[in-house]
Amino acid sequence: MQYRQDKSGKDISILGYGCMRFGKNRFGSIDLAKAEREIMAAVAGGINYFDTAYVYPGSEAALGEILQKNQCRDSVKIATKLPHYLVKSRESMEKHFQEQLHRLRTDHIDYYLMHMLTDVNTWQRLKAIGVAEWIAEKKASGQIGQIGFSYHGNSTMFLQLLDAYDWDFCQIQYNYIDEFSQAGKQGLQAANRKAIPVIIMEPLRGGRLVGLLPAEAKAVFAAESRKRSPAEWALRWLWNQPEVTCVLSGMNSLEMVTENLRVASEARPGEFTEKEFQLIEQVKTIINSKTKVGCTGCGYCMPCPQGVDIPGTFRCWNAMYTENKQSGRNDYLMSTVLRAKASGASHCIGCGKCEPHCPQAISIRKELKSAAADLETFSYKVAEKAISWFRLW
């Protein structure tokens, strides 16, 4: 295993274990025996970063039980997340945090994140109820080691969040398709300039850069002489970048653990040749040919006076057709509704201020209407209304 350093100089394995997708048994609950075999194989292989969250069903409790049973809590680092969208007071923060310690069977969290922190206004709301003072107390007591945030949204807002607090680390969605969307390469490099380690989630887009690749893209990879799998290409593309600290993989088989450990032991920053970059670009071209709108995620159209996340909307709309409809809609829900102010496409009033700034000359107003029709289903509207009521309450 190779390691890169966190802000304090401690080693983090370049391959981290994403605990959101533990395998289930026939009753629909986590298969603990299976998860234990996979986690312990990962620990034996040198993985020391395990990522979970309060809202991952059963995940924290399963991880805590396995680590305690095998007496290896002190040899690994636990990362989990505060569900700030459920928090309305400092007392609520403490209640959720203590529940997490109980689930994880530990007295401290090594890396604690604000979960899905998508805009500065949300962070300011948390500060208003005392989150900064609460964090300072927890760090002083040793109950929290380092503090960060996980992010879904555009690069402009990500850059603002980087400057909003003295973060120890951050976590972003990043892969070769999202190179210029979400926080993107711009966000990755900005965090690196501030010496903020970056944890990567969704390196395979939830497996969609593997099994759900277009057939033509799979054929491009298959024709390459070294016969690397699509997953290996995606992981190596990330580890080629020295700004990437750790890549999370939701491994749910021993074979996957073994294979990812092998790749993590071999990959080196700066190893990609021009031919290999061209291979990735060829695959990206095929994937992008399936897209609905040619948005590159540059963000020149932003900010929208009505708060619409234009690049985020188009990214999710494209994902419906390059990946699958439900994944695109789920991403859209997370990116537009779980914010201090909803930013969905239907909030567009057709002012047109965005269109003169688009390098791709996209008819943004027209495309937003089409995107809203596709993305904002009945269930989306129910969720948006429910969250609006929750905020009022």
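Which residues in helix 6 meet Gln186, Gly187, Ala190 and Ala191 in helix 7? They are Ser155, Phe158, Leu159 and Leu162, where contact means heavy atoms within 4.5 Å. The structure is a predicted model, in which local features need pLDDT of at least 70 and side-chain atom pairs count only at pLDDT 80 or more, while totals for chains, interfaces and linings use all residues. Residues are numbered from 1 along each chain as its sequence is written, and side-chain values use heavy atoms, with hydrogens and water left out. Helices (H or I, at least four residues) and strands (E, at least two) are DSSP runs, numbered from the N terminus.

The geometry of this first pair may now be described. Axes are lines fitted to C-alpha atoms, for helices over the stretch in contact, and the angles run from 0 to 180 degrees between N-to-C directions. The residues of the contact between helix 6 and helix 7 divide into five nonpolar, three polar and no charged. For this division, Ala, Val, Leu, Ile, Met, Phe, Trp, Tyr, Cys and Pro count as nonpolar, Asp, Glu, Lys and Arg as charged, and the others, Gly among them, as polar. The crossing of the two helices is right-handed; a crossing is so named if the near helix is turned clockwise from the far one by less than a right angle, and left-handed if anticlockwise.

Cys170 is found in strand 8, residues 169–173. At 0% relative accessibility, Cys170 counts as buried; buried means under 20% relative accessible area, exposed over 50%, and partly exposed in between (1.4 Å probe, protein chains only). By contrast, Phe27 is 143 residues from Cys170 in sequence and 35 Å from it in space, C-alpha to C-alpha.

A second pair of helices follows. Helix 8 (residues 215–223) and helix 11 (residues 274–288) pack at an angle of about 165°, and their axes are 8 Å apart. The angle therefore makes helix 8 roughly antiparallel to helix 11. Their crossing is right-handed. Helix 8 contributes Glu216, Ala217, Val220 and Phe221 to the contact, and helix 11 contributes Leu279, Ile280, Gln282, Val283 and Ile286. By class, this contact of helix 8 with helix 11 has seven nonpolar, one polar and one charged residues.

The loop between helix 8 and helix 9 (230–239) contains Glu224. Glu224 is buried, with a relative accessible area of 12%. Leaving aside its neighbours within four places in sequence, Glu224 is in contact with Trp233 and Leu279. Lys227 also has its place in the loop between helix 8 and helix 9, but Lys227 counts as exposed, at 58% relative accessibility. The phi of Lys227 is near 55°, a positive value in a residue other than glycine.

The buried residues of helix 3 are Ser92, Met93, His96, Phe97, Gln100, Leu101 and Leu104. Among the elements that cover them are helix 2 (59–69), strand 5 (77–82) and helix 4 (120–128). Ser92 has a relative accessible area of 14%, and Ser92 touches Leu86 and Val87, not counting residues up to four places away in sequence. After helix 3 comes Arg105, whose phi is positive, near 55°.

Two further loops complete the account. Gln71 lies in the loop between helix 2 and strand 5; Gln71 is exposed, with a relative accessible area of 75%, and its phi is near 50°. Pro303 is found in the loop between helix 11 and helix 12 (310–322). A cis peptide bond joins Met302 and Pro303, with omega about 5°.

Technical notes:
Angles under 35 degrees count as roughly parallel, over 145 as roughly antiparallel, 65 to 115 as roughly perpendicular and the rest as oblique.
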